Amino acid sequence: MTNNVSYKQYADEEINVIKEWGISNITLVFDALLIDYDDRGKYLTACCPIPYHAGDANNRKAFVWCFDKEYWSCFTHHCQKVTNNTIIGLVQAVRECGFFQAIRFLDDLKTNTPTTTVVSKRPKRIRVSNT
């Protein structure tokens, strides 16, 4: 049986654009990866979302994304050492996939995310008149 599936080829510049988009939109990436995180200002913390991570399922500080350094780390089992600590390595680790599958995931997310999304932290109140 032959596999006739063709995949998009990415130039280094395209990979860098996708990587930078993922870093700039890290919360969208976390949401797409189903990572339940806490925003702590300079960091996003969570239980480690890596499937091969053993234990610490309730430790919400085991995993961190550092905004300043633009990388992730697992403090309890050092899961980042299996792939790497970049945004691409995070996708690889969470989805248990290869480099190009991770790039495709981020590219699909980037392509399918509206650029004019307005996020409101609080719903607008509607005044109802009793008259």
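**View 1**
T45 is buried, with a relative accessible area of 7%, where buried means under 20% relative accessible area, exposed over 50% and partly exposed in between, computed with a 1.4 Å probe on protein chains only. The structure shown is a predicted model, in which local features need pLDDT of at least 70 and side-chain atom pairs count only at pLDDT 80 or more, while totals for chains, interfaces and linings use all residues. Residues are numbered from 1 along each chain as its sequence is written, and side-chain values use heavy atoms, with hydrogens and water left out. T45 has its place in strand β2; strands (E, at least two residues) and helices (H or I, at least four) are DSSP runs, numbered from the N terminus. The side chains of T45 and R40 are joined by a polar contact of 2.7 Å, a polar contact being a pair of N or O atoms within 3.5 Å of which, within protein, one must be able to donate a hydrogen and the other to accept it, and residues adjacent in sequence count only if both atoms are side-chain atoms. When its neighbours within four places in sequence are left aside, T45 is in contact (heavy atoms within 4.5 Å) with D36, Y37, D38, R40, R60, K61, F63 and V64.

**View 2**
An open sheet is formed by 4 strands in the order β1-β2-β3-β4, with antiparallel pairing; two strands pair if DSSP finds at least two bridges between them. Because β1 and β4 (71-74) stand at the edges with a single partner strand each, one side of each is left without a neighbour in the sheet. On average, and with direction ignored, neighbouring strands of this sheet are turned by 20° against each other. Strand β1 (residues 37-39) runs antiparallel to strand β2 (residues 43-46), to which 3 bridges join it, and D39 stands opposite L44 in β2. The hairpin of β1 and β2 has 3 residues between the strands, and G41 there takes a positive phi near 85°. Between β2 and strand β3 (residues 63-66), the antiparallel pairing extends over 4 bridges; T45 stands opposite V64, and A46 has F63 as its bridge partner.

**View 3. Helix α3 and its packing against helix α4.**
Since 8 of the 9 residues of α3 are buried, this helix is largely enclosed by the rest of the structure. The buried residues of α3 pack against α1 (12-24), α2 (26-32), β3, β4 and α4. The axes of helix α3 (residues 87-95) and helix α4 (residues 99-111) come within 9 Å and cross at roughly 105°, which makes α3 roughly perpendicular to α4, a term applied to angles of 65 to 115 degrees. Axes are lines fitted to C-alpha atoms, for helices over the stretch in contact, and angles run from 0 to 180 degrees between N-to-C directions. On the α3 side the contact is made by I87, I88, V91, Q92 and R95, and on the α4 side by F99, A102, I103, F105 and L106.

**View 4. Two loop residues with positive phi.**
H78 has its place in the loop between β4 and α3, and its phi is near 55°, a positive value in a residue other than glycine. H78 is partly exposed, with a relative accessible area of 38%. E96 follows α3 and has a positive phi near 50°; this residue lies in the loop between α3 and α4 and is exposed, with a relative accessible area of 55%.

Technical notes. Parallel < 35°, antiparallel > 145°, perpendicular 65-115°, else oblique.
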